[in-house]
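Thanks, everyone. I will go through the salt bridges in the model on the screen, pair by pair.

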Amino acid sequence: MLAIALGMLLFSSILSAPLLLADMSRPMILVVQSVTQLLTFLVPVVLMTVIYYRGSMREYYRLDFSGRRWYYALAGVVVTLLLIPANDWLTTWNDSWNLGRVGEMLRGVQESTEGLVEKMMSTDTVAGLLGNLLVVALIPAVCEEVFFRAGFQNLIQKWVKNPHVAIWITAIIFSLGHGEVFAFMPRFVLGALLGYLYVYGGSLLPNMMAHFVNNALVVVLYWLVARGVIDIDPEAPLKVDWTLSVLCTLAGAAVLWVTFFSRDKQPLKG
């Protein structure tokens, strides 16, 4: 599955490079981003399904979107929102890492990527907002969760027989896969949270929803800045008092425990 993903990433890169060289407009960036996500993350799992899990796909990947799962999805979104201050603290700490010359090179690569993101987000129209919500929030939420949780994490769990080990290994791969060393820790923790939502929520829905909301917040912030409604750096950590950060983190942990862990402390069935 990883080999297919790397092959699809290489193919999409070869396909998109001449397109971006010829046209670096925002619509073209959105198209390239969508195609890359679909080829790299969705296609490998679909192929794995066709080869190995035909007939048991719904159960294996936890494709349950019944009413009960929406309750877990809502709880997952609440937890994600409550952990934003703690995530911002991790972002600030991670960004302060001193990795010498290698770090300077990696930071330069990360800043060039951020330039593309800013160009993609530079819209103040409603149509532009909807397009960004689709390409930056919804498509990654679906494709990446299918790949990392339903695909990769499931396979690791089948091998190691331990959901917790599978969750944390997948979280490492999830964060490294974004290619930003100076944002590794917040994505690592987010990946672990999404893994637990998937296992203990019994469905792909809770982690997909949490992932979507996490991305959509940044999209909406960029849009509000572009319209002049607010004047902040959408990528900058929030300046939240440490007391409020601790309270929000404790509240998020409490919601996570009560909703997902406190019943029988066993993963919910799909």
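First the term: a salt bridge here is a side-chain nitrogen of Lys or Arg within 4 Å of a carboxyl oxygen of Asp or Glu. This is a predicted model, where local features need pLDDT of at least 70, side-chain atom pairs count only at pLDDT 80 or more, and totals for chains, interfaces and linings use all residues. Residues are numbered from 1 along each chain as its sequence is written, and side-chain values use heavy atoms, with hydrogens and water left out.

How many salt bridges does the rule give? The count is three.

Start with R69 and D64, whose side chains form a salt bridge at 3.0 Å, N to O. For burial, I use relative accessible area with a 1.4 Å probe, protein chains only: under 20% is buried, over 50% is exposed, and partly exposed is in between. R69 has 4%, so R69 is buried. D64, at 12%, is buried too.

Next, E145 and R149 make a salt bridge, with 2.7 Å from N to O.

The remaining pair is E180 and R187, a salt bridge at 2.9 Å, N to O. Is each side of this pair buried or partly exposed? E180 is buried at 15% relative accessibility, whereas R187 is partly exposed, at 23%.

As background, oppositely charged side chains can pair when their charged atoms come close.
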